[in-house]
Amino acid sequence: MARPPYKKDSQDSRKSPLPGAAATWRLIIGGESDGATNMAVDQASLESVRQGASPPTLRFYAWSPPCLSLGRSQSLTDVDFAACRSLGAEIVRRPTGGRGILHTDELTYSVSLLQSDPLAAGGVMESYRHLSQGLLAGLRRLGVRAVQALGQDKPAAERTAVCFETPSDYEITVDGRKLVGSAQWRARGAVLQHGTLPLCGDITRIVDLLALSPMEKDAQRQALLSRATTLEQSLGRTVPFAQLAQVLAEGFSRALQVSLVSGALSVQERALAGELRLTRYADLDWNART
């Protein structure tokens, strides 16, 4: 049974940052899927929203088995394939840009909406700022001292293969350490933004899956320990996936002034996701392209 839309309380209703934003979004709280399925579903949802067949969609999901995802243009030479096989980690290429992320012990969010939506106005950085307000509101409801990062993006020549090494503008940090990494893709009038919130565990595990020298791996581990964090480290306690998804959904609803109605993928979206998984995200040749 679908849950009713979240209602705004009086304090939230006084904060109206985006008059005219989309009134109703679909909320999908999913479970664990492999990397190819997760990326195929994100793209299928985006296409359905672009065609007007689905409303703007907020989705929360997890990954199993662990998966190393690469940014849209990231080279496969960054990957230690033997290490991935040894640790049972899959490899997939995201439709969005950015650098490598090891997806395990995390919550991932995705937002699909039209580029004409007020929340997508002003380009990538401005829409990052808008959508990050939903993440911030949810995290603060949990007691996380989260803020938006400003002016910390590195020149391309100084970037490493790891997404969480340094926060970009408007990504979420706690005490200067990156908590949520996000990326965005704009295609034919529609916008997909998705991002990763590590729940617990060793934030440096990704280093073992990268083609780096022992010295480079040590340096990367130290950098990650000082520049990235997990929700458990930030709060001093664990938060179950289901609870976190609900709290973040409430944050999106209140901060972005949208009503969230629980839903599921349509038959057409499931069919398209299956096709995209087979022809793209689970295809080795497709994942090898840059």
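Is Glu 126 buried, partly exposed or exposed? Glu 126 is partly exposed, with a relative accessible area of 27%. Keep in mind that this is a predicted model. I will go through some charged side chains, starting with this one.

Glu 126 forms a salt bridge with Arg 129, and the closest N and O atoms are 2.5 Å apart. Both residues sit in helix H4, which covers residues 123-142. Because they are three residues apart in that helix, about one helical turn separates them. Arg 129 is also partly exposed, at 29% relative accessibility. As a general point, side chains of opposite charge can pair when their charged atoms come close.

Next, a pair from two loops. The side chains of Arg 145 and Asp 175 meet in a salt bridge, 2.8 Å from N to O. Arg 145 is in the loop between H4 and strand E7 (146-148), while Asp 175 is in the loop between strand E8 (172-174) and E9, so this pair ties together parts that are 30 residues apart in sequence. Arg 145 and Asp 175 are both exposed.

Now a pair with a wider gap in sequence. Glu 47 and Arg 188 form a salt bridge through their side chains, at 2.9 Å from N to O. This pair links distant parts of the chain, 141 residues apart. Glu 47 belongs to helix H2 (residues 35-50), and Arg 188 to the loop between strand E9 (177-187) and strand E10 (190-198). How does burial compare here? Glu 47 has a relative accessible area of 16%, so it counts as buried, the limit being under 20%. Arg 188 is at 63%, so it counts as exposed, the limit there being over 50%.

Last, a glutamate with another kind of partner. Where does Glu 269 lie? Glu 269 is in helix H8, residues 267-281. Glu 269 is buried, with a relative accessible area of 2%. Its side chain makes a polar contact of 3.5 Å with the side chain of Ser 48. Which residues does Glu 269 touch, leaving aside those up to four places away in sequence? They are Arg 26, Ala 44, Ser 45, Ser 48, Ser 54 and Ala 264.

Key: Residues numbered from 1 in each chain as written. Predicted model: local features only at pLDDT ≥ 70, side-chain atom pairs only at ≥ 80, totals over all residues. Heavy atoms only, no water. Helix = DSSP H or I, 4+ residues; strand = E, 2+ residues; numbered from the N terminus. Buried < 20%, exposed > 50% of the residue type's maximum accessible area, 1.4 Å probe, protein only. Polar contact = N/O pair within 3.5 Å; in protein donor to acceptor, adjacent residues only side chain to side chain. Contact = heavy atoms within 4.5 Å. Salt bridge = Lys/Arg side-chain N within 4 Å of Asp/Glu carboxyl O.
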